[in-house]
There are 2 protein chains.
Amino acid sequence: MRLPVRRAMEVCPVEVAVSAVGGTWKLTVIKHLLEGPRRFNELGRLVPLANTKTLTRQLRELEDDGLVLRTVYPEVPPRVEYSLTDLGRSLQPIVEAMNAWGKDFERTHAD
Amino acid sequence: MRLPVRRAMEVCPVEVAVSAVGGTWKLTVIKHLLEGPRRFNELGRLVPLANTKTLTRQLRELEDDGLVLRTVYPEVPPRVEYSLTDLGRSLQPIVEAMNAWGKDFERTHAD
DNA sequence: CAGCATCCGCTCCGATACTG
DNA sequence: CAGTATCGGAGCGGATGCTG
């Protein structure tokens, strides 16, 4: 995955968005960050199935794409906070649409 | 990838939606199917970067997930039409949100 | 605490060639 | 036309252990 944005543009705007938020856990992380800044292990607890390596990479990609801001506080023990940029916050409609669809799916396809 | 829906439910509704539409090209295919039924090669032309193998699998997964209906017409040459189910059509808000975001990204990050 | 390093299996994806 | 078969490579994702 992870189609370069430039190529995604040639295909469809939808794919541009997919290339930005398509990674595993990315949208869930963004959903939590919409509530406010979160620390690394805090996000790890909020997304229980993601291990540190995966979570780290997703966060780096989000950072590289300008959706997430990483702030390091030079303390001991170290503290790192992740927050959304304006561009990241602009994903809110997508997150809400997907959250609503997922909820509805759970309701209608309930066990 | 391709987290089972059951596990996705344990994490977040957002991940449920991701597990359904997270594959490459899937959302673009759905976007085109929102316009009406399309044949296999027709979709191939609409999503130029997808090869037949990948396109086939994505369509099969969408079919298995109940989002897409596959209709075979017993003719020569063969004709197969793909269309959206009600559940598939319910993805429209997601497609539109992502399409809008992608367009906006292209506009503000224009070359 | 917030990660990076390493190993490793697996899935995914692309290219090519072939079939009913 | 609408796929399937096969091969191959890349990258994701998990487990574990280590570091400033």
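Biologist: In E3(A), which residue is the bridge partner of Val72(A)?

Modeller: This is a predicted model, so everything I say is computed from it. In E3(A), Val72(A) has Val80(A) as its bridge partner. That pair belongs to two strands of chain A, E2 (residues 68-73) and E3(A), which pair in the antiparallel sense over six bridges.

Biologist: And what joins E2(A) to E3(A)?

Modeller: A hairpin does, and it passes from E2(A) to E3(A) through five residues.

Biologist: OK, and how many bridges join strand E1 of chain A to strand E3?

Modeller: Two bridges link E1 (residues 38-39) to E3 (residues 79-84), both in chain A, and these strands also run antiparallel. If you look for Arg39(A), you will find that its bridge partner in E3(A) is Glu81(A).

Biologist: Let's switch to the inside. Which residues touch the most other members of the largest nonpolar core?

Modeller: That core has 66 residues, and Leu27(A) and Leu27(B) are the ones that touch the most other members. As background, nonpolar side chains in soluble globular proteins tend to be buried together.

Biologist: What is Leu27(B) in contact with, leaving aside its neighbours within four places in sequence?

Modeller: From chain A, Leu27(B) is in contact with Val14(A) and Val18(A), while from chain B the contacts are Val21(B), Ile94(B), Val95(B) and Met98(B).

Biologist: Cysteines next: is Cys12(A) buried or exposed?

Modeller: Cys12(A) is buried, because its relative accessible area of 4% falls under the 20% cut-off. Cys12(B) counts as buried too, at 2% relative accessibility.

Biologist: Now the DNA. Which residues come nearest to DNA strand C?

Modeller: There are 23 residues around DNA strand C, and those that come nearest are Arg70(A), Tyr82(A), Thr24(B), Lys53(B) and Arg57(B). Of the atoms of DNA strand C that come within 4 Å of the protein, 67% are accounted for by sugar and phosphate.

Biologist: What does Arg57(B) do there, in terms of distances?

Modeller: One of its polar side-chain atoms lies 2.6 Å from a phosphate oxygen of DNA strand C.

Biologist: Which elements give two or more residues to the surface near DNA strand C?

Modeller: In chain A they are helix H4 (40-46), helix H5 (52-64) and E3, and in chain B helix H5 (52-64).

Definitions and conventions: Residues numbered from 1 in each chain as written. Chains lettered and ligands numbered in written order. Predicted model: local features only at pLDDT ≥ 70, side-chain atom pairs only at ≥ 80, totals over all residues. Heavy atoms only, no water. Buried < 20%, exposed > 50% of the residue type's maximum accessible area, 1.4 Å probe, protein only. Pairing = 2+ DSSP bridges. Helix = DSSP H or I, 4+ residues; strand = E, 2+ residues; numbered from the N terminus. Core = buried A, V, L, I, M, F, W, Y, C linked by side-chain atoms within 4.5 Å. Contact = heavy atoms within 4.5 Å. Near = heavy atom within 4 Å. Polar contact = N/O pair within 3.5 Å; in protein donor to acceptor, adjacent residues only side chain to side chain.
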